[in-house]
Amino acid sequence: MSVLDAKIPEGPIKEKWTNHKNNINVVNPANKRLIDVIVVGTGLAGGSAAASLAEMGYSVKAFAYQDSPRRAHSIAAQGGINAAKNYQNDGDSIYRLFYDTVKGGDYRSREANVYRLAEVSGNIIDQCVAQGVPFAREYGGLLDNRSFGGVLVSRTFYAKGQTGQQLLLGAYSAMNRQIGKGKIQMFSRHEMLDVVKVDGKARGIIARDLVTGKIERHSAHAVVIASGGYGNVFFLSTNAMGSNVTAAWKIHKKGAYFANPCYTQIHPTCIPRSGDHQSKLTLMSESLRNDGRIWVPNNLDDVKAIREGKLTPTAIPEESRDYYLERRYPAFGNLVPRDVASRAAKERCDAGFGVNGTGEAVYLDFKSAIQRYGKEKALVTGNHNPTDTEVLEYGEEVIKAKYGNLFQMYEKIVDQNPYKTPMMIYPAVHYTMGGIWVDYNLMTSIPGCYAAGEANFSEHGANRLGASALMQGLADGYFVLPYTIGDYLADEIRTGPIPTDTPEFDAAEKEVSDTLNKLINIKGTKSVDHFHKRLGKVMWNNVGMARNESGLKEAIKTIREIREEFWKDVRVPGTTQGLNTELEKAGRVADFLELGELFALDALDRNESCGGHFREESVELDGEQKGEAKRDDKNYKYVAAWEWTGDAGKSKLHKEKLEFNDIELKQRSYK
Amino acid sequence: MSTNKDMNLILKIWRQKDQKSSGKMVDYKVNGISPDSSFLEMMDVLNEGLISKGEEPVEFDHDCREGICGMCSLYINGEAHGPDRAVTTCQLHMRKFKDGETVTIEPWRAKAFPVLKDLKVDRSSFDRIQQAGGFISVNTSGNTQDANATPISKYNADKAMDAATCIGCGACVATCKNASAMLFVGAKVTQYSLLPQGQVERKERVLNMVKQMDLEGFGNCTNTGACEVECPKGISLENIAIMNREYLKASITKED
Amino acid sequence: MKTSIARKVSMALSAFFLMIFLLQHFAINVTSIFSGETFNNLSHFMGTNFAVQYIMQPILIFGVVFHFVMGFILELKNKGARNIKYAKNNGGANSSWMSRNMILSGLVILAFMGLHFYDFWLPELKIKFVDGDWSGVLEGETGLRYFTELQHKFVNPIRVAIYCVAFIFLSLHLLHGFSSAFQSIGANNKYTRALSKFGMAYAILIPLGFVVIALFHHFNHC
């Protein structure tokens, strides 16, 4: 047996979680208040965990780098949250949600974890409604659902295009109630900079007060890391500017294994980069692909003319357009999964057909949808001989009703009217499926240290389905962690308060202060962003949507060079005292520079194409699927859990074999 | 499509070392700003320039840069989130400004939002108002009633959603001549008052939240309507009227 | 009166009272254009009726004083809620001048009330309480004195001009105040749009009516 024990309970998959809950230890209510739990990150996973743990009676300390838990990037999720409620009577079930998630993850997730996720999904909706989350409703007053991300049932609950916001505000309100009662001590504008281990167990953290610059020690009987994903290793992503890997990376360096770092989701419908000034990318809901047709010109002269502003896309005749998704995937067309759509866009742009100044954009055209809807609506309104202008007006009305807010957002950012000229889109890094390795109890390989939400690796395998991120975050925080953490804490009731004036805390604090001082004292010539952008470029070009051996090796080499240069030549203005955003950024980028290398190393190790990870070496060589991604279950049906050895490039690989007893493995096909 | 001619701007920016220091307006020049960049990306360019000159960059709050987290602020040319409507500062684009223009950038100003440094302010007063009652007292459990057990009319659900859209950025306070937080508080009170789940604590909620709002030192609403205009999410003034009504009803009929 | 909303509502309630009073004041004054006699009779009734003098009038005085004292308190508190002013503030971009300057229009109205009291109320007090004359008839005259007094006051063009300016400020005050008072007591519903139109009509027509009355007597005094 490897060092990785996933602790998956025995028994049939349907009974594992129930049996496990029945058998694990619980902490007596009177003892709970004597036990401290630190929660780092207060998004959906951390916020819901902090609230639930405090409700149960634990003394919780919660940390957020923003000024309030309500700012966490969970807030930006638009589409919705899945739950196997079967309210629409379309045959949905726990098993079907489980099956879809495992299949969508390209068979690289742990069956038992996913089944549990599907099992508690319904409870999440009940809980959120009870909290006053205003989900969309039908006229009868019952909850509305929509279908999302190409699945065959309608199981997605939503609150306009702001589902993440509403769910986060729900968790935030639950936290507020506990903060008001003094059960949660909230440390906002605080950043965790290290975990403190005592006798091998996680016993606290070192955090920096971002306003005063003071380094603080906080002790606890358990530490929960819910600090989100690390998509910002690409510099440009749809993540928030502050989203970072630091908390996860610090525990990794103290012994928590990092699993599948290379699994990244790249979302196909983002607004393209407009120039080098760009600081982040904006996502537009995937639902746009239901009505938009994706194309580029089929000859390079037109592309050139467009880029020079001599030609407008609307002037290009049908026969000069290449609707490449419809061409390559006649069965699914524009609705192929995210990874397939993203790679196809990259393929066209790499071939020189990108339609904006940066060469990284394709068209998403609503003209035929406007025509189709316009004719329909004309008929419905009794106008049997509509003029072309009338058809256009009717059609635009329908599109406006469906996507009005997205079109408005696009127009604000790009300054083009998407009703009149096709939108431009390009893929962008959106979510990271990889993360801290955890067992079935969500405990990392450090005893007493847990990871929840996007920060862990567990549920999405190599690719995440739409509307599943919110589900996982809340499942972990509301319904999994509060139970499983008791199993560990039951042994801690005699520990008593943990002192912070111990050599372990001294050492950890010193290490943190030394690093900060070192960053300030380099006094080099280039800004933090300079290095972050360079890292991002390498990641995007070599470790992005399509990866190959030579590119990955080159990336590893280049990232090491950038890292070395960073530690010699970065300029961090100001001091360690007081508010210093550049210092915060420097610490985060330093961690990204290490993670980036491990990321590439993992991608190099996994010589198969699965989900969001595409290796050019691993494609179907002939037949109908020629050129498509080829998964290699024989050699790569494992979770790659990396152990820190002092150097990202020399990390040690541990493999957790994945067993599939309830699902048959199949290759995906969208032809 | 905007013309791609880069812009040069003069910036007048509030600089303040920390909470205790007094601050002042300082002039800066930025050149070569793309009209397609966002206002915060323009600030990034300014800061890159300052860092390369060895000066301290301007601190400002921001995070998601897509208009939903509510972190970004800035009072630009006398308006919260700048001259554009229904956007946050991160969604404001430089094409809304003219080449050569002088742009004044200040932090949110309110006694309840003290400046931390430069353009960053402390909005924890909003959190404390929420902690006073901005929640429904329901513990996490797998046994709450089924989500569809209590139907809610679509009208009320949609209206609650409109109120819940608030991102807590504080533009309403910043723009209000009285630095009043009533749009923010009103939106939260309204959301819960429209939902069946919110009924049990309806009275204490509004009384407690208003009490905390007053304690924080926000001003009083005089119905100028400026908050509604500047709110990036278009939260309606009606929410304040609803809060007033809720408050009156609660003060008259409260049990103890 | 301890919380912000209680103050705001009390401001609105006193405003409603004053707006009703204003309407009544106008209704009586406007008769002076058509019939001096009706005006005289109404004025005499108002000036000598026990209920009006000893119940309504003190309430009115309390209402006026309350409204402006509370107005000052709120203004001071609100000023204090922003201890550092903006270097640049573009209030016109998001709110009306009237709504931002209620204290200014209020002060003009207050100053005007000083003049108005000096013109009418103080002489009334002198006649009634110092001289003890409750007859409403001047010595050596036959009819009631009120109409004549009214006309005399509007001979002086400067006074008429001051009155007109004051009424313009009253109008500005009402243009915001009317709908604001409804919003304050929580009346924002499907009738709001119609109500705000009515409010605008009230805010313009009533002060305009007073202006017309003043000008009428200036140009038509006998």
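Reader: Which chains share the most contacts?
Author: Of the 2 pairs of chains in contact, chains A and B share the most. Two residues are in contact if their C-beta atoms, placed from the backbone, lie within 7 Å. This is a predicted model, in which local features need pLDDT of at least 70 and side-chain atom pairs count only at pLDDT 80 or more, while totals for chains, interfaces and linings use all residues. Residues are numbered from 1 along each chain as its sequence is written, and chains are lettered from A and ligands numbered from 1 in the order in which they are written.

Reader: How many residues does each chain bring to the contact between chain A and chain B, and what elements of chain A each supply at least two?
Author: Chain A brings 67 residues and chain B brings 67 residues. On the side of chain A, at least two residues each come from α3 (44-56), α5 (111-131), α6 (163-180), α13 (469-489) and α17 (581-605). Helix α6(A) gives the most, with 9 residues. Helices (H or I, at least four residues) and strands (E, at least two) are DSSP runs, numbered from the N terminus.

Reader: What makes a residue on the side of chain A that touches chain B nonpolar, polar or charged, and how many are there of each?
Author: Ala, Val, Leu, Ile, Met, Phe, Trp, Tyr, Cys and Pro count as nonpolar, Asp, Glu, Lys and Arg as charged, and the others, Gly among them, as polar. By these classes, that side of chain A has 23 nonpolar, 29 polar and 15 charged residues.

Reader: How do you know that chain A and chain C do not touch?
Author: The nearest C-alpha atoms of chain A and chain C are 20 Å apart, and the two chains do not touch. Chain C does meet chain B: 33 residues of chain C are in contact with 39 residues of chain B. The side of chain C that touches chain B takes two or more residues from each of α1 (4-34), α3 (50-80), α4 (97-100) and α7 (157-184). Helix α1(C) gives the most, 5 residues.

Reader: Why is A:A62 called buried?
Author: A residue is buried if 20 or more other C-beta atoms lie within 10 Å of its own, exposed if 12 or fewer, and partly exposed in between, with C-beta atoms placed from the backbone. A:A62 has 29 other C-beta atoms within 10 Å and is therefore buried. A:A62 sits in strand β2 (residues 59-63) of chain A. Leaving out residues up to four places away in sequence, A:A62 touches several residues, including A:V39, A:A50, A:I184 and A:F187. A:A62 and A:Q185 are 123 residues apart in sequence, yet their C-alpha atoms are 6.2 Å apart.

Reader: What share of chain B counts as buried?
Author: Of its 256 residues, 61% count as buried. Chain B has 8 helices and 7 strands.
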